[in-house]
Amino acid sequence: MTFDEYETSADSGAPVELYAFTYRSEAYLYTSSEDEITIASSIYTPESIGRGNTVEGPKDRKAEFKVTLPSTNPFIALFAGVPPGARVKVEVHSYHRPDGGSPELRLVFEGFVNAVTFVDDGYRPEVSARSVIATLSRLAPRIGYQSQCNAIVFDGDCKVNEGSFSDPEVNVDAVNGRAMTVSAASKQADGWYTGGFVQLVDGTDFRLILDHVGANLELLLPFRDPQPTLVTIVAGCDHTAPTCESKFGNLDNFQGYKDVPTKNPFQTGLG
């Protein structure tokens, strides 16, 4: 029988849902079934998990898909305190138990975690997600007529090689909240790493660098425990033409308008 036949059957259907939360290379797999389930070598662990309804049609662009999990769930622990540094993907599939060892799966939801809230004094975490369609429907920023570069450093428009401006696998000397001391950072002039980032050597998380003075780095958010002892530090860019030329030697790929006039004729007049 097909999925639709089981779904519409009066007595043959036995629906089971599979939940996959993917954070970088790590997957948290759960099922609404009371038994552990293996599908295509992926093992889904039984969990007390619930979800809201999905919305189809034009309203899907703004609707949130909500999933509830126990407060002791390992995936929920990612959002206790400092949130993850990268997006978390959510996929929910459904199938019917009588369909055998290689069942037909039906996609129920696919999207990304938008927020995690802790209600009832933290005992009932609620995961809110937005669908892929909602993500794609957002207005994308256009190229602005501005003196600063519109590209993101090291992206396809910038074309600078990130590896040429990275210090891989350097030791962390000390960590105090958002303050991190890395001796290797003192080899560069103050501000070299401002606007850059600190990344774990396994690539699983990163933090934006707000300020760099000597060996001291101020991060936007602290890393989660356990604190890193070995990291990669990457230079930052202030998106100005002088920096693009002197620091990166990349003025040919500058995506701004460095000769934008500083006076607004609509405010100051033409005189």
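Predicted model: local features only at pLDDT ≥ 70, side-chain atom pairs only at ≥ 80, totals over all residues.
K89 is partly exposed, with a relative accessible area of 28% (buried is under 20%, exposed over 50%, and partly exposed in between, using a 1.4 Å probe and protein chains only). Residues are numbered from 1 along each chain as its sequence is written, and side-chain values use heavy atoms, with hydrogens and water left out.

- A quick note on labels: strands are DSSP runs of E with at least two residues, numbered from the N terminus, and two of them pair if DSSP finds at least two bridges between them.
- Strand β7 (residues 88–96) runs antiparallel to β1 (residues 15–23), and nine bridges join them.

**Salt bridges**

- Searching the whole structure turns up seven salt bridges (a side-chain nitrogen of Lys or Arg within 4 Å of a carboxyl oxygen of Asp or Glu).
- K89 makes one of them with E110, and their closest N and O atoms are 3.2 Å apart.
- Because K89 sits in β7 and E110 in β8, this pair ties together parts that are 21 residues apart in sequence.
- E110 counts as partly exposed, at 27% relative accessibility.
- R51 and E17 form another salt bridge, with the closest N and O atoms 2.7 Å apart.
- R51 lies in strand β5 (residues 50–51) and E17 in β1, so the contact ties together parts 34 residues apart in sequence.
- Of these two, E17 is buried at a relative accessible area of 15%, whereas R51 is partly exposed at 33%.
- E126 and K66 also form a salt bridge, their closest N and O atoms being 3.7 Å apart.
- Distant parts of the chain are linked here, since E126 is in strand β9 (residues 124–131) and K66 in strand β6 (residues 65–68), 60 residues apart.
- E126 is buried, with a relative accessible area of 18%, while K66 is partly exposed at 34%.
- Salt bridges with shared partners join K66, R124 and E126 into one network.

**The seven-stranded sheet**

- Seven strands make an open sheet with antiparallel pairing, in the order β10-β16-β13-β14-β15-β12-β11.
- Its edge strands are β10 (166–171) and β11 (174–176), each pairing on one side only.
- From one strand to the next, the twist averages 30° (axes are lines fitted to C-alpha atoms, and angles run from 0 to 180 degrees between N-to-C directions).
- N176 has A179 as its bridge partner in β12.

**A nonpolar patch**

- L208, L210, L220 and L221 make a nonpolar surface patch of about 300 Å².
- Patch residues need over 30% relative accessible area and no salt bridge, and nonpolar side chains (Val, Leu, Ile, Met, Phe, Trp, Tyr) are joined within 5 Å; accessible areas come from the Shrake-Rupley method with a 1.4 Å probe.
- L221 is in the loop between β15 (216–219) and β16 (230–234).
- At 34% relative accessibility, L221 counts as partly exposed.

Conventions: Helix = DSSP H or I, 4+ residues; strand = E, 2+ residues; numbered from the N terminus. Patch = residues over 30% accessible without salt bridge, like charges linked within 9 Å, V, L, I, M, F, W, Y side chains within 5 Å.
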